[in-house]
Amino acid sequence: MTRLPLPPSLYADTAVAPVATPPLDTDKNVSVAIVGGGYTGLSTALHLAEQGVEALVLEAQEPGWGASGNNGGHTNPGLKHDPDQIEADFGTELGRRMIEFSYGTPNFTHDLIRRYQIPCEARQNGTLRAAYNEASAAAIEQTARQCIRRGMPVTYLDREQLREMTGTDRYIGAMLDARGGDLHPLSYARGLARAAISAGAKVHSETPAQSLRRDGSRWRIETPRAVVHADKVLLATNGFTDDLWPALRRTIVPVFSSIAATAPLSDDVARSIMPTRPVLYESGHITVYYRIDQNNRLLMGGRGPMRWINSPDDVAYLIRYAERLWPQLKGVAWTHGWNSRLAITRDHYPHVHEPAESILISLGCNGRGVALSTAMGAQLARRLIGGAKAEIDMPVTGINPIPMHAFWPVGVTTAVIAGRVRDRLGI
């Protein structure tokens, strides 16, 4: 197969050089085969290799080609649901572990970056979860109280404090979590691949897994040029999940998330927007998120067309919104517009499945994939090594396809339009 070009992103133009990951062209026998070369697959391969387990990654394109190399670059803590809700859903013991694990993922990720000296413009200046209406502000304040009660480094900020931190009077309340941060997503994906390979893992680009079946006591994976036999298999395909495993594709909704980036802003303009450089995501019906990178570019993200885009003109609404937040941006050049697919689950929790002996599946980051996927790599490696007796800090559940899954494109488009209207009206 021919490798598809990377989406036309700012990241593709500025990332560190990739490590060599040639297509697999000879049959292999390995302990663990991993399908998917995003953060989840690469981090799992790294953590397996650190413990002396032979791991091989099969990637259809190249490491970071999908959402891993094309996301907003936020290393945000936590899950979609509040801590109290997580404990109500999964019980005190597992719920507590899930909370501790998920809110600690940015620290895990930035520690790993430091340990392997991955050059990816990583910073830990905090994550702001911001509200622009009273209902959302009250909900965020409740979240903050739940986090503070559990001893987390969280602060609730009022309108005046937010005006100083963001340069706009749009927000009336926000939760600041000091553990959050940002990085260059594609450089990070390539750095993870390099770290995994240096630890002993094998990573192969342009090598899609075309079929997966039992072959005696092992698993047989066919690729275009070679066959892999593995004792265990991890499927980590997230928003690009296909029919390799029965019904798995119907457990997630692949949704495009889009980003527009400016040319480098002047120091004065950049300081007037986000002087202390946290990342921010809004608590709205349709999430908008943004950050200022280390080159003074503003990156604005949110839901865009449910198709591939290649220009900032394709997400003009993000540009208009940025100019609403900061009128000083009018006339600034927007140089890039791109997107990729992420995976949304019906319950908005990450999903881990073990549908057969020696098969592990992890997908559904629900927009929190950078730090969460990285930290999941260590969890999944532990499970692959220790089997079902090795407890991890996320629930292992059955595969439950979403009803009426075939209609998801219409449903997502309708929800995005309705959400934008509601956000515009402030309801």
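Where is the place of F108? It sits in helix α5, residues 105-115. The close-ups below come from a predicted model, where local features need pLDDT of at least 70, side-chain atom pairs count only at pLDDT 80 or more, and totals for chains, interfaces and linings use all residues. Residues are numbered from 1 along each chain as its sequence is written, and side-chain values use heavy atoms, with hydrogens and water left out.

**View 1. F108 in helix α5.** Helices here are DSSP runs of H or I with at least four residues, strands are runs of E with at least two, and both are numbered from the N terminus. F108 counts as partly exposed because its relative accessibility is 29%; buried means under 20% relative accessible area, exposed over 50%, and partly exposed in between (1.4 Å probe, protein chains only). Setting aside neighbours within four places in sequence, F108 touches H47, T374, A375 and A378, contact being heavy atoms within 4.5 Å. As for L157, 49 residues apart from F108 along the chain, the two C-alpha atoms are separated by 25 Å.

**View 2. A247 in the loop between β11 and β12.** Have a look at the backbone: A247 has a positive phi, near 70 degrees, and is not a glycine. Most residues other than glycine have a negative phi. A247 is partly exposed, because its relative accessibility is 24%.

**View 3. N296 in the loop between β14 and β15.** Here the strands on either side are β14 (288-292) and β15 (298-303). N296 isn't a glycine, yet its phi is positive at about 70 degrees. With a relative accessible area of 13%, N296 is buried.
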